[in-house]
Amino acid sequence: MAIKPIPTLIALAITLFIWFVLPVPAGVSENGWHLLALFAGTIAAIIGKALPLGAVSVIAVALVAITGVTVGADVKNPGAQAIKDALSSFSNPLIWLIVISIMVARGVIKTGLGERIGYYFIALFGKRTIGIAYALALSETVLAPITPSNTARGGGIIHPIMKSIAGAFDSDPGKGTQGRIGRYLALVNYNANPITSGMFITATAPNPLVVDAINKMVGSDFHMSWTTWAVAMFIPGMACILLMPLVLYFFYPPEIKKTPDATAFARQKLAALGKIKRDEWWMLGVFALLLCFWADIPFHLTHIAALKLNPTTTAFLGLGVLLVSGVLVWGDITAEKSAWDTLIWFGALVMMADWLNKLGIVSYFAGQIQGSIETLALPWFFSMILLALIYLYAHYVFASTTAHVSAMLAAFYSAGVTLGAPPLLFGLVLAAAGNLMMSLTHYATGTAPVIFSSGYATLGEWWKAGFISSVVNFTVWITVGMLWWKALGYY
């Protein structure tokens, strides 16, 4: 992919404008302001797709190291310290959790296990169109814990199954028959994806950014673990999963309501897949192993400290089992471009976000946001919801969930906590908003263009469905979540 000149020039102009033209605010260091300039230019380049995300991130790392914006004046060897700072996040266990989980998820696709799970649910629930919709949504949910690429899950596994079902009922955009069943199922296929992404840390790549922010704000008294997130988010997430197909059914009813042939079609597909193969059994075993250790079940059963593994350690263990068993070979790992790509861009963005916080930039903008909200004299709960809604709907101008979370999360989170919102509660609210915002547009996340390009829904239908889903899902998630989180003692 060649560099795009216009987005590149815009990103460069933003960087230079902040660096050389805008005055450094009182209370902000010059180094911090210059890092903000680099960060703003990086986000602009990501949004404008000046280069692939990984390439932009490599350039960002290089610029941070070259400019030395993280290094104090009293450092004896500034060059060595600058590159050390620029690479500081590449040992972050949360980053490696996502990277290794993406590699593990390759086994779900390679073995055909994901396809089998999808058709199995359709065989169970597929006698009506809405049953097929629930089958797709439940398949998403089952696969979510071990597929941190929401694009691979929604676009690479579930979408081909959805297209096969639509094709079996002659629902084809090319023939103008997408309204028969395909439009409704495509919208369900997509709008399930943001919900399941919010249910597990390992369901989409940006979630660890939220975890990192929560753990830093809450402090040593609490640690957001994989289990804590799953327990907190599963109940409100399932409420949304159960409601979303009904809401879309009301606004976009399929012409075909009953689908008795769908179960037979799914059984034919399952028959073609044959009995569960050796590699699928291994994949199921690793799936169970990961969930078992992520939930700390061995430790709770035995109270042996050695069995309380770090989630990233568990991910490495699962990948190791898949390699030893031959389910995956080393060529699969080296070919998993999305994992290595994630390592680069995630490491770069986390590094810049960490140093923006250390250099006082996050607290400065949090103070500006806090001051604006304070003038409204709202109770902390309403301030929290207002901040979350602004955070959510700002995604209309973002084409990357990661860019959005990196650019806005820390400042909004800090402002909300300062305004009185309980740190853990507000972290969960922003985590929900940060995933549900993916429903809004046809460019909101990687899954969106994959499903939208199939042509089952027009642009207007897609945006309308996304907005409706965002309103309903956010309302349900926060309402159910507040009750559930109160019962868990989280605030």
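1. Let's start with E461. In this predicted model, E461 counts as buried because its relative accessibility is 18%, and the cut-off for buried is under 20%. Its side chain meets that of R183 in a salt bridge, at 3.0 Å from N to O. This pair links distant parts of the chain: E461 sits in helix α23 (residues 459-487) and R183 in helix α9, 278 residues apart.

2. Now look at R116 and E280, whose side chains form a salt bridge of 2.6 Å, N to O. R116 belongs to helix α6 (residues 113-125) and E280 to helix α13 (residues 278-294), so the pair ties together parts that are 164 residues apart in sequence. Both ends are covered: R116 is buried at 11% relative accessible area, and E280 is buried at 1%.

3. Next, a pair within a loop. R180 and D170 form a salt bridge, with their closest N and O atoms 3.9 Å apart. Both residues lie in the loop between α8 (150-168) and α9 (182-197), so this bridge ties together parts 10 residues apart in sequence. R180 is partly exposed at 28%, and D170 is partly exposed at 33%.

4. L9, L12, L16, F17, F20, V21 and L22 make a nonpolar surface patch of about 690 Å². One of them, V21, is in helix α1 (residues 5-21) and counts as exposed because its relative accessibility is 53%.

Notes. Residues are numbered from 1 along each chain as its sequence is written. This is a predicted model: local features need pLDDT of at least 70, side-chain atom pairs count only at pLDDT 80 or more; totals for chains, interfaces and linings use all residues. Side-chain values use heavy atoms; hydrogens and water are left out. Patches are made of residues with over 30% relative accessible area and no salt bridge: like charges are joined within 9 Å, nonpolar side chains (Val, Leu, Ile, Met, Phe, Trp, Tyr) within 5 Å. Accessible areas come from the Shrake-Rupley method with a 1.4 Å probe; for residues, only the protein chains shown count as cover. A salt bridge is a side-chain nitrogen of Lys or Arg within 4 Å of a carboxyl oxygen of Asp or Glu. Helices (H or I, at least four residues) and strands (E, at least two) are DSSP runs, numbered from the N terminus. Buried means under 20% relative accessible area, exposed over 50%, partly exposed in between (1.4 Å probe, protein chains only).
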